[in-house]
Amino acid sequence: MSDIPQALAAVKQRIADAARDCGRDPATISLVAVSKTHDAATIRTALEAGQRVFGENRVQESRAKWPDLKAAFADVELHLIGPLQTNKVREAVALFDIIETVDRPKLARALADEMERSGRQVPCLLQVNTGLEEQKAGLHPDSVDSMLRLCRMEYQLPVIGLMCIPPVDEDPAPHFRMLAEAAERNGLKVVSMGMSGDFETAIAQGATHVRVGSAIFGERDYGEQPAEA
Ligand SMILES: *Cc1c(COP(=O)(O)O)cnc(C)c1O
């Protein structure tokens, strides 16, 4: 835990180097520190080192950890990066500052309804299943443009970008390129892609947000976890 500030600094340096290598301004790339499975004390170490943008993949787990941390560090930006069930939309809209995993019309509509009801607008990303993996969440790449139209015209959902998780056993570069092109084509500013093993590749392909967990916090111990978000 004590070397989290050091690991954070090293990741930031690698982001800056990767950006300069492809002629990008490092300030245009945001580090989302993925703190899933790590306890509040561990997360606090990263907060005290100045990190403010975090990612979590479970609503329930986040609800246990983040309200107190957010009260203590008011400028935190918390991203939901895991699957969202419609029955958890109310909690998600209340707690998260960006929802990265919108992947179906029913969820988009439920989010839009809850934002209208609560008066809290939470920017969203569409998750794209660039590898067409059956077990993986995300929109088919061919349906991104039409889903975006639906979100904008029918639901007035604030969609600001795209997110993907490429297949583990493939070169991620073509997946990242596909996502960046779909974002560009649709005038979307935010492109969330790249994890501990491939964030430099993602930056070369145009990522604006990289989601990095184990390179900052170390390996995760999943232990016993509830089965669902
Ligand atoms: C866990 C997770 C990450 C971070 O993965 P690391 O390999 O630990 O960096 C990024 N994105 C998503 C969607 C995740 O679930």
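This is a predicted model: local features need pLDDT of at least 70, side-chain atom pairs count only at pLDDT 80 or more; totals for chains, interfaces and linings use all residues.
Me: What lies 2.8 Å from an oxygen atom of the ligand?

Reply: A polar contact is a pair of N or O atoms within 3.5 Å. For G213, a backbone N or O atom lies 2.8 Å from a ligand oxygen atom. For S214, a backbone N or O atom likewise lies 2.8 Å from an oxygen atom of the ligand. With K36, a polar side-chain atom lies 2.6 Å from a ligand oxygen. On its own the ligand has 390 Å² of accessible area, and the protein covers 89% of this.

Me: Now the helices. At what angle do helix 2 and helix 3 pack?

Reply: Angles under 35 degrees count as roughly parallel. Helix 2 (residues 40-48) and helix 3 (residues 59-72) pack at about 30°, and their axes are 11 Å apart. The two helices, helix 2 and helix 3, are therefore roughly parallel to each other. Helix 2 passes helix 3 in a right-handed crossing.

Me: Where does helix 1 lie relative to helix 2, parallel or oblique?

Reply: Helix 1 covers residues 4-21, and its axis comes within 9 Å of the axis of helix 2, crossing at roughly 55°. Helix 1 and helix 2 are therefore oblique to each other. Their crossing is right-handed.

How values were computed
Residues are numbered from 1 along each chain as its sequence is written. Side-chain values use heavy atoms; hydrogens and water are left out. A polar contact is a pair of N or O atoms within 3.5 Å; within protein, one must be able to donate a hydrogen and the other to accept it, and residues adjacent in sequence count only if both atoms are side-chain atoms. Accessible areas come from the Shrake-Rupley method with a 1.4 Å probe; for residues, only the protein chains shown count as cover. Axes are lines fitted to C-alpha atoms, for helices over the stretch in contact, and angles run from 0 to 180 degrees between N-to-C directions. Helices (H or I, at least four residues) and strands (E, at least two) are DSSP runs, numbered from the N terminus. Angles under 35 degrees count as roughly parallel, over 145 as roughly antiparallel, 65 to 115 as roughly perpendicular and the rest as oblique. A crossing is left-handed if the near helix is turned anticlockwise from the far one by less than a right angle, and right-handed if clockwise.
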